[in-house]
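Subject: Structure handover

Hi,

Here is the structure we talked about. Please open it first; my notes follow below.

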Amino acid sequence: MDFSVLYIGSGQATWNGAVPLAKTGVKIGVIEESQYGGVCSNKGCNAKIILDKPLQLIDQIKALQGRGLDGVPDVNWEDLMAHKHELIVPQDQHGKDRLDNVGITTISGHAEFVDAHTVAVGKKTYTADKIVIASGMRPHRLDIPGAEHFDNSTDFLSLPHMPEHVTILGGGFVGIEFATIASAVGAKVDVITRGADILKQFPREYVASIKADLKQAGVRFIPDMAVQSAEKTSSGQITLNGPKGFVLTTDYVLDATGRVPNHDQLNLEAAGVKANAHGIEVNDYLQTNVPHIYAAGDAIDKTTPKLTPTAAFESRYLAAKFMGTNEGPIAYPAISEIVFTSPRIAQVGVHLDEAKANPDKYEVVSASYDGDWYRQVENEQRGQLALIFEKANQKLVGAAEKANAAEETINTIVPYVQMALTKEELNDFVYVFPSIAYTLQRRLPLV
Ligand SMILES: Cc1cc2nc3c(=O)[nH]c(=O)nc-3n(C[C@H](O)[C@H](O)[C@H](O)COP(=O)(O)OP(=O)(O)OC[C@H]3O[C@@H](n4cnc5c(N)ncnc54)[C@H](O)[C@@H]3O)c2cc1C
Ligand SMILES: NC(=O)c1ccc[n+]([C@@H]2O[C@H](COP(=O)([O-])OP(=O)(O)OC[C@H]3O[C@@H](n4cnc5c(N)ncnc54)[C@H](O)[C@@H]3O)[C@@H](O)[C@H]2O)c1
């Protein structure tokens, strides 16, 4: 065999485990058809946060007008984009170096199965004892006439100029994060959703408040609208058509209707690997129906969110399994997630709406930040926090926050939830002061 382990894809689901595994002397190959490091590094999380952070900073500056700050900086999208390129363009090479530097064989090209132990890249074939399918997902494209006029998330993250009128199809992570960015840059933004609401996985109360903020900033939400066709006008705009005479003409359309797994392009039949529309089917050991073929990250059909930290966790799990240091099934910790609106919404563990719907089981302790002096340093008026305790044992099982620094609060809480600390134990930490973590502790119910 050419390799002990051969990975298809070089994203988070690969390198987090492949690098430490290679350091133990295991012979590893990684096949990548696009950019090394995958979507997150090159056309996802990292590029998005570079474009978003300065815009959030402006919101924070706005909140301090007349409180020591006078004047709000202008956004220069072209310069911001140049800054993004400067940081993101090298990621591909960094991603390759990270693998090459530990002796992994990197193979550039499109991988397809030949049989259960053999993968072809062009005319060359490679054999391996174990294969890990970590091929991720690509943007879903609406199957309607005129969809070729729409951009996807990758295109948006490299937009040379911000159009005057941006229309977004989809109210998920990408739709709402990019609506936040486009609106902050000054575009007129419409968000068209097939269903009634947006950001289904986050607390309704917090989402309603974010939606109200976006509306205040001029964003229009058009719910329950399944766009049926599109065409280019003679002036280069795009006209969208829907049921009941719906017509909207806009400068730019972002198709943010989700992502689809890439496994349809792997010739899985040759290896006999089972998959469905959501991804590769795996058991609790991330093993496919073909025992020596595994899958990880966005490529798999799973109920845990398809995010960078979950892909990285699965990658590390597989490496430990291959090293023989973890023979058990994958045991996911409490999962945290965030949507980068302004303010952010983040959560971990049991969801707030589930807790509210089950008052016999859960106690929800809520706090708002308008009375918190530390948050008033930034004049943050609309922050909200909810801590979720299991009634029977008083252990912390979840939390949600809507705030500028929600990622910091929730990251502070992640280990508490993971360790299932009680109210009493939560008071047993000494944090630096002043800080988000200290403020958080003051919000905890004293016992
Ligand atoms: C716009 C955007 C923003 C996001 N923001 C966040 C965020 O803020 N936080 C967060 O946690 N997550 C975010 N995500 C999700 C995150 O990017 C993914 O969950 C993560 O990248 C999954 O990693 P992966 O390794 O499973 O897949 P990927 O990163 O998709 O890597 C798979 C790799 O496999 C390669 N590949 C596929 N098929 C083949 C083949 N046949 N041959 C060779 N190579 C192949 C692909 O080219 C790709 O490089 C975002 C995603 C997008 C699109
Ligand atoms: N902050 C983050 O962690 C972050 C940011 C961006 C993306 N992501 C990840 O990337 C993935 C993709 O995000 P996304 O926003 O593209 O997907 P999503 O699944 O979050 O949202 C897709 C939206 O499109 C709608 N939709 C689906 N099919 C449609 C159709 N045929 N017509 C009209 N609307 C349709 C859905 O109802 C939903 O509102 C997710 O897995 C997410 O976890 C994460």
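How many residues of the shell around ligand 1 are nonpolar, polar and charged? The shell has 15 nonpolar, 16 polar and five charged residues. Keep in mind that this is a predicted model.

Ligand 1

The shell holds 36 residues. The closest are Gly9, Gly11, Gly38, Gly136 and Gly297. Several helices and a strand supply at least two shell residues each: α1 (12-23), β2 (28-32), α2 (38-43), α3 (45-63) and α9 (308-323).

Ligand 2

Here 24 residues surround the ligand. Gly170, Gly172, Phe173, Val174 and Arg194 are the closest. By class, the shell around ligand 2 splits into 11 nonpolar, eight polar and five charged residues. α7 (173-184) and β19 (336-339) each give at least two residues to the shell around ligand 2. α7 has the largest share, with four residues. Domain 1 and domain 2 each contribute at least three residues to the shell around ligand 2.

Seven residues from domain 2 and eight residues from domain 3 make up the contact. On the domain 2 side, the residues that touch domain 3 are five nonpolar, one polar and one charged.

The UniProt record, an unreviewed entry, lists residues 336-438 as "domain: Pyridine nucleotide-disulphide oxidoreductase dimerisation". Over residues 336-438 the chain is 29% helix and 32% strand. The end C-alpha atoms of that stretch are 20 Å apart.

Helix α12

α12 runs over residues 406-418, 13 residues in total. From its first C-alpha to its last, α12 reaches 18 Å. That is close to the 18 Å expected at 1.5 Å a residue. Which residues of α12 are buried? They are Ala406, Thr409, Ile410, Thr412, Ile413, Tyr416 and Val417. Their cover includes strands β19, β20 (344-349), β22 (384-390) and β23 (395-403). Helices α13 (423-426) and α14 (436-443) are also among the elements that cover the buried residues of α12. After α12 comes Ala420, with a positive phi near 50°.

Best wishes

Conventions: Residues are numbered from 1 along each chain as its sequence is written. Chains are lettered from A and ligands numbered from 1 in the order in which they are written. This is a predicted model: local features need pLDDT of at least 70, side-chain atom pairs count only at pLDDT 80 or more; totals for chains, interfaces and linings use all residues. UniProt positions are given in the numbering used here, feature names are shortened, and annotations may be inferred rather than shown by experiment. A residue is near a molecule or strand if its C-beta atom, placed from the backbone, lies within 6 Å of it. Ala, Val, Leu, Ile, Met, Phe, Trp, Tyr, Cys and Pro count as nonpolar, Asp, Glu, Lys and Arg as charged, and the others, Gly among them, as polar. Domain bounds come from an automatic or database domain assignment. The expected span of a helix is 1.5 Å times one less than its number of residues. A residue is buried if 20 or more other C-beta atoms lie within 10 Å of its own, exposed if 12 or fewer, and partly exposed in between; C-beta atoms are placed from the backbone. Two residues are in contact if their C-beta atoms, placed from the backbone, lie within 7 Å.
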